[in-house]
Structures are given as structure tokens and as C-alpha cells.
Amino acid sequence: VILERMYQHLMNASFIGITGNISFNANGIRNAERINIQQYRFNISNQLQKFDIGYVALDQNGQSVAFDFLPGESMETLWPAGVPHDGTQKKSTITIEPGVTAAMYILATLGMALAIVCFIFMVVFRERKLIRLTSPNINYITCGGCMVLYTSIFFLAIQSTDETTTTAICNVRIWLWAIGYSVAFGPVLGKMYRVYYIFNDPKPNKKKIVKDWMIVVLISVLVGIDVVILVIVTAVPELRTTAILKQSIEFPQTVTGPFQDTTINCIFICDSQKGYAIWHGVLFSYKGLIQVVAILLAFGTRKVKVKGLNDSKYIAAIIYVTSICLVVVIISFATLRDEVNTLAAIYSLGFWCAATIILLLVFIPKVYVLYKDPLGENIFPATVVQTESDHGKVLKLERQIKELQQQLAQEHEEMRQLCSKANSTDDHCVTSERNLNSDSNYSTLHSSCKTVL
């Protein structure tokens with residue numbers, strides 16, 4: 001009896017629901033020609049609102065016949081981000097692709113091997129005349145700086161799914177590449193200044209020379225500036241580099257299984273609360289300033305002709321290649337920070353090329369010259385070394401000689417005219433005419449002709 005009464009009450013029910021008027025016929029089928037379909041969305045004011053999107057047409061038996069969108073609605077407006085999957089959704093933390101990591105480890109290992117070979121070369125041949133001229137102790141520092149740059153590549157390849165570990169790795173990377181660049185390029189800059197000081201300083205009888213310890217002080221200053229910048233960044237919480245978990249742009253999600261289970265791929269990136277791009281720009285600008293100074297020194301010593309001593313043309317090549325590497329790294333940093341695989345590959349290749357070019361162009365010319373001249377007998381050319389300033393002095397003296405020759409010719413002609421007006425048989429003029437083409441004192445001849453007149 002209770003079931004019958006409940007059934008009768010349901011059959012008599014009639015009310016307005018979400019999909020429209022709800023009532024039933026004698027067969028228990030809903031009395032409706034269509035069912036309205038609505039969706040909750042955010043409106044232009046970013047407030048949640050209910051929108052009519054379409055309807056489902058029904059037949060006499062209450063079975064759906066077709067679904068139609070209302071004007072202005074479509075699948076694109078219904079699911080702007082695509083039809084959601086029916087399966088469950090979960091998050092997963094991923095790291096750099098294994099192929100990229102393997103390539104980075106290989107590059108760093110080869111670079112380390114090259115730096116070690118250059119170091120051994122300097123140790124073995126340090127007593128040779130050519131090697132002594134190039135300051136082997138300073139070259140050791142160059143090798144060490146390049147090793148630090150290669151070590152930074154190892155830390156670029158290291159990845160972790162732990163936030164604390166990744167934060168530590170992010171900070172170590174920055175310290176390694178910033179200090180490594182200054183230590184690798186600083187010796188080159190210091191030796192270039194020494195060559196410039198020797199051949200271009202206009203002060204005569206210079207008693208002071210640029211010694212190796214002065215170059216070490218220069219390198220220490222460069223590294224000190226890096227340390228000051230990095231200490232400030234590390235000490236200020238808002239500027240401190242931390243690991244932030246974000247959805248991967250390269251591999252945003254993975255869909256698997258018959259129910260299309262979705263895995264959201266997240267990856268840690270290095271960032272800070274604010275100013276991350278600004279202080280990186282300061283660091284990159286400082287490195288660029290070092291290279292500009294090196295360009296000016298290389299240009300000022302381009303005329304020096306001492307084999308094994310002047311590295312200006314090689315320094316110019318180093319500056320050109322490292323400048324390109326830094327520009328590529330800066331552009332990738334500004335545009336690809338969220339694309340971890342691409343950014344790691346570009347960073348690694350850029351630092352590897354910079355360190356490798358420094359090693360090759362600093363040490364390969366020395367190896368070649370040492371092979372051609374093991375005893376260092378032809379280091380200095382047979383002629384006197386002539387710098388750009390000496391060449392200018394020679395040209396100035398040549399111009400003065402020409403001016404004196406012109407004045408001499410004018411004096412010569414004036415004396416001829418004076419003597420022609422006087423008696424040509426006069427002993428003084430005869431004597432003057434006889435000595436016109438000699439190296440006698442023209443002022444005496446000129447006064448004798450005046451006396452005759």
C-alpha cells in the first residue's frame with residue numbers, strides 16, 4: 001500500500017527543475033519534448049554563473065533523440081581546454097630527459113680531460129723559454145677556472161625530485177659558472193694588460209713591471225665582485241634562488257589506460273620571489289664589461305710582433321666566441337626558463353664552448369710554437385720590435401726631415417739669386433758657388449753674399 005501511494009504521488013508530481021518542467025504520464029515517462037542542458041562557467045567578471053548551452057530532444061517514450069547547441073555555443077565553448085578525461089588525475093614530478101643528461105655528462109667529462117691535459121702540458125714544459133714567457137702559474141689558474149665551468153655542467157645535469165635538494169643544486173650552479181668564468185678569463189685579461197703596459201705605456205725607463213702576483217690580484221678582484229653579488233642575492237630572502245614546482249611545458253601530461261587516467265607532469269625550476277631576472281642581468285652585464293675591456297687591450301697590442309708573447313688575435317677570437325655563448329645563454333634564460341630540457345642543453349653547450357675555446361686558443365698556439373722552436377731561439381724577430389707608438393714617432397721625424405729639406409732648398413735658391421746680383425768673379429761668391437752642393441754652413445754663405453752686396 002505504501003509503495004502504491006508513493007507511486008501515485010510521483011505520478012501526480014509537477015515542478016520546475018534544472019532541466020525544465022518535470023511531470024510524468026500514465027506509463028511513468030517524463031512529459032517533456034526536450035531537456036535543457038546548462039553549465040557553470042566564469043563570466044567576464046570572473047564570477048561563477050550558470051549558462052544555457054543546449055537541449056536534448058525526446059520522443060514519446062522519453063528516449064533522447066538528439067542534442068543541439070543553442071546559438072553561439074559549440075564544443076569549443078563547452079570545453080575550451082578539450083574534453084576532460086574520464087579517468088583519475090594525479091601529479092608526478094619529472095626530471096631532465098635521460099638523453100639530454102647523458103650528453104651533458106659526456107661534454108663535461110671531455111672538457112675536464114682537455115683541461116687536465118693542458119695542465120699536464122704546462123707542468124712538463126714549464127722550464128722551456130717560451131712557457132716561462134707565458135707565465136705558467138697564471139696558466140694553471142686558467143685551467144682551474146675552466147674545470148670549474150665544466151663542473152657547473154655536471155650540476156646542470158643533476159636533477160632531483162626533492163625541493164630542498166633542488167634548491168641547493170640551483171644555488172651551486174650559479175656560483176660555479178659565475179666564479180668559473182672569472183677565474184678562466186681573468187688570467188687572459190691580466191696577461192693582455194701586461195703586454196699593453198710593456199709596449200704602449202708612453203713613460204720611458206719604466207721601473208715597475210706587471211708581475212704574476214699583480215695578475216693574481218686582478219683575478220681576485222674579479223672573483224670578489226662575483227662573490228659580493230652572489231652573497232647579496234643569497235642573503236636577501238626575496239632574491240634567494242629556490243626550487244619551484246610547475247607543470248612541465250614540454251611534457252604537460254600523460255594519458256594512459258582504458259579509462260584515460262591522466263598524469264600531470266611537474267618539474268622543479270630555479271626561480272625567486274622577485275628580481276630573479278634583474279640580478280641575473282647584473283651578473284651577465286658584469287661579464288660583458290670584462291670582455292669589452294679585453295677587446296680594447298687586444299686592439300691596443302695588435303702591432304706587437306713577439307712570438308708567444310702577444311695573444312691579442314687569439315684573445316679576440318676568445319672574446320668573439322664567448323660573447324656569442326653569453327648572448328645565447330641570456331636569450332635562452334629570458335625565454336626558455338620553464339622548458340627545462342631545452343634550457344639545460346643550451347646552458348651546458350654555451351658554457352662548454354666558452355671553456356673549451358679558452359683552453360684551445362690559450363694552449364694550442366703554445367704547443368705549435370714549442371713544436372716548431374723547442375729551444376725558443378726564434379721567439380724574438382731579427383728586427384727591432386716596433387710598436388704602433390714607435391711607428392708614429394718615425395713618421396713624425398720623417399715629416400720634419402722633409403720640411404728641413406724644403407727650407408734648405410729655399411735657402412739654396414736665395415743664395416744663388418744674391419750672388420748673381422753681385423759680381424760673379426768675387427771671391428766670396430765663387431767660394432759660395434763652389435760649396436752650394438756641399439755640406440758647408442749655409443748661414444755663413446748667406447752672410448758672405450750679403451757682405452758682397
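## Aromatic pairs

At 28% relative accessibility, F69 counts as partly exposed; buried denotes under 20% relative accessible area, exposed over 50%, and partly exposed the range in between (1.4 Å probe, protein chains only). The model is predicted, so local features need pLDDT of at least 70 and side-chain atom pairs count only at pLDDT 80 or more, while totals for chains, interfaces and linings use all residues. Residues are numbered from 1 along each chain as its sequence is written, and side-chain values use heavy atoms, with hydrogens and water left out.

Rings of Phe, Tyr and Trp (its six-membered ring) are paired if their centres lie within 6.5 Å, and planes under 30 degrees apart count as stacked, over 60 as edge-to-face and the rest as tilted. F67 is partly exposed, at a relative accessible area of 36%.

F119 and Y140 form a tilted aromatic pair, with 5.1 Å between centres and 45° between planes. F119 belongs to helix α3 and Y140 to helix α5 (residues 136–157), so this pair ties together parts that are 21 residues apart in sequence. Helices (H or I, at least four residues) and strands (E, at least two) are DSSP runs, numbered from the N terminus. F119 is partly exposed, with a relative accessible area of 34%, whereas Y140 is buried at 17%.

## Cluster and charge over a ring

W177, F284, Y347 and F351 make up one aromatic cluster. Elsewhere, the charged end of R41 sits over the ring of F51, 5.5 Å from the ring centre; this description requires NZ of Lys or CZ of Arg within 6 Å of the centre and within 35 degrees of the ring normal.

## Helix packing

Helix α3 (residues 98–124) packs against helix α10 (residues 340–372) at an angle of about 20°, and their axes are 10 Å apart. α3 is therefore roughly parallel to α10. Axes are lines fitted to C-alpha atoms, for helices over the stretch in contact, with angles from 0 to 180 degrees between N-to-C directions; under 35 degrees is roughly parallel, over 145 roughly antiparallel, 65 to 115 roughly perpendicular and the rest oblique. The crossing of α3 past α10 is left-handed, and the contact comprises 18 nonpolar, four polar and one charged residues.

Helix α6 (residues 163–200) and helix α8 (residues 276–300) pack at about 20° with axes 8 Å apart, which makes α6 roughly parallel to α8. Their crossing is left-handed, and the contact residues divide into 19 nonpolar, five polar and one charged. In this classification Ala, Val, Leu, Ile, Met, Phe, Trp, Tyr, Cys and Pro are nonpolar, Asp, Glu, Lys and Arg charged, and the others, Gly among them, polar.

The axes of α5 and helix α7 (residues 212–235) come within 9 Å and cross at roughly 20°, so α5 is roughly parallel to α7. This crossing of α5 and α7 is right-handed; a crossing is right-handed if the near helix is turned clockwise from the far one by less than a right angle, and left-handed if anticlockwise.

## Loop and strand details

N46 lies in the loop between β3 (34–42) and β4 (48–58) and is exposed, with a relative accessible area of 60%. Although N46 is not a glycine, its phi is positive, at about 60°. Most residues other than glycine have a negative phi.

T254 lies in strand β8 (residues 253–256) and is partly exposed at 34% relative accessible area. The C-alpha atoms of T254 and I264 are separated by 6.6 Å, with the two residues ten apart along the chain.
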